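The following exercises are to be worked with the sequence and the coordinates at hand. Each task is followed by a solution in steps.

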Amino acid sequence: MTQTELFDNRPKVVKTKLNILPDNPEFEDEEKAVGLGRFPSWLHRKLPKGGDLWKTGLVLAENRMHTVCEEAKCPNLLECWSRKTATFLVMGKECTRNCGFCDIDFTKAPKALEEDEPARVADSVKKLGLRHVVITMVARDDLDDGGATHLVKVMEAIRQEVSGVVVEVLTSDFSGNFASLDQVLEAKPDVFNHNIETVREMTPRVRHKATYDRTLGVLRYMRDHARHAGMRVKSGLMVGLGETEEQVYRTIDDLHQAGCDCITIGQYLQPNRKKLLVKAFVTPEQFKAYENYGLSIGVKTMHCGPFVRSSYHADRC
């Protein structure tokens, strides 16, 4: 085969247009050397310094770990891995739900659970020296218990391997199965986190199967039936999907009434061209207004900002 024929057989590159983005809400400043870009300045960040980034990746690779950092294309990956922390994604990297905002792979028939996964997660926690660990999961609607039994095994393995570690679980709604929720409660997580994701009016478009009221019901159930007084209840949502400010304030009210101790609010960023478009870039000032409102009505911790995600600086909640 000639060199020309070799190159002719390569996959053709399909030219695509840039993603459609909302207008940059910043004002033009003639004193700045660089004009307004497609993204506002608060969505630009410097690369982190330090040598722990590769060490984190090595530990995760050795234990064949999936992380939501990678699978969901989290913009905080470099920062968090540089601090030797990551959010573990258990029960595979394929989800049985196909939400409009999430980049995790969708399938109706995910792979079987791996029996050694709890031990591998625990070993990773130990090697990374984590004192606050976040375990999240794909939705496993193919399992009778939604994966609750496996999640409990992960929690137990971590505590057997690392004493005194704070365990936070970020779970699905288990399709509203109270028996599954009770299993998680019996394992006594230090923090129970289940995201409402968006405001009531946007929920049918943003989420595949979960509903706004079911999420509030799950949060309220976990608060009312906690097995120890110290368990914190947490939830979060994204903004910039087309919601109004008033709708966000009502969502904060609803989460507070459901018993949330901590609420996170961050900017939605489109993970790929097939997912929902960003409708607005929310300013830092607006995030501060949401934070102040939550605190004013009695929410213990509000963590709000453009790069805030459910597990970002989780130890602050």
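**Exercise 1.** Determine which side chain makes a polar contact with the side chain of arginine 120, and characterise the surroundings of arginine 120 in this predicted model.

*Solution.* 
Step 1. The side chain of glutamate 114 is a polar partner of the arginine 120 side chain, at 2.4 Å.
Step 2. Arginine 120 lies in helix H5, which spans residues 117–128.
Step 3. When residues up to four places away in sequence are set aside, arginine 120 touches Asn63, Arg64, Met65 and Glu114.
Step 4. Buried means under 20% relative accessible area. Arginine 120 has a relative accessibility of 7% and therefore counts as buried.

**Exercise 2.** State the strand order of the open sheet of eight strands, and identify its edge strands.

*Solution.* 
Step 1. The order is E1-E2-E5-E6-E7-E8-E9-E10, and the pairing is mixed.
Step 2. Strand E1 (66–67) and strand E10 (301–304) are the edges, since each pairs on one side only.
Step 3. Within the sheet, strand E7 (residues 191–193) pairs with strand E8 (residues 232–239) in the parallel sense, over three bridges.
Step 4. Asparagine 193 has lysine 234 in E8 as its bridge partner.

Note on methods. Residues numbered from 1 in each chain as written. Predicted model: local features only at pLDDT ≥ 70, side-chain atom pairs only at ≥ 80, totals over all residues. Heavy atoms only, no water. Helix = DSSP H or I, 4+ residues; strand = E, 2+ residues; numbered from the N terminus. Buried < 20%, exposed > 50% of the residue type's maximum accessible area, 1.4 Å probe, protein only. Polar contact = N/O pair within 3.5 Å; in protein donor to acceptor, adjacent residues only side chain to side chain. Contact = heavy atoms within 4.5 Å. Pairing = 2+ DSSP bridges.
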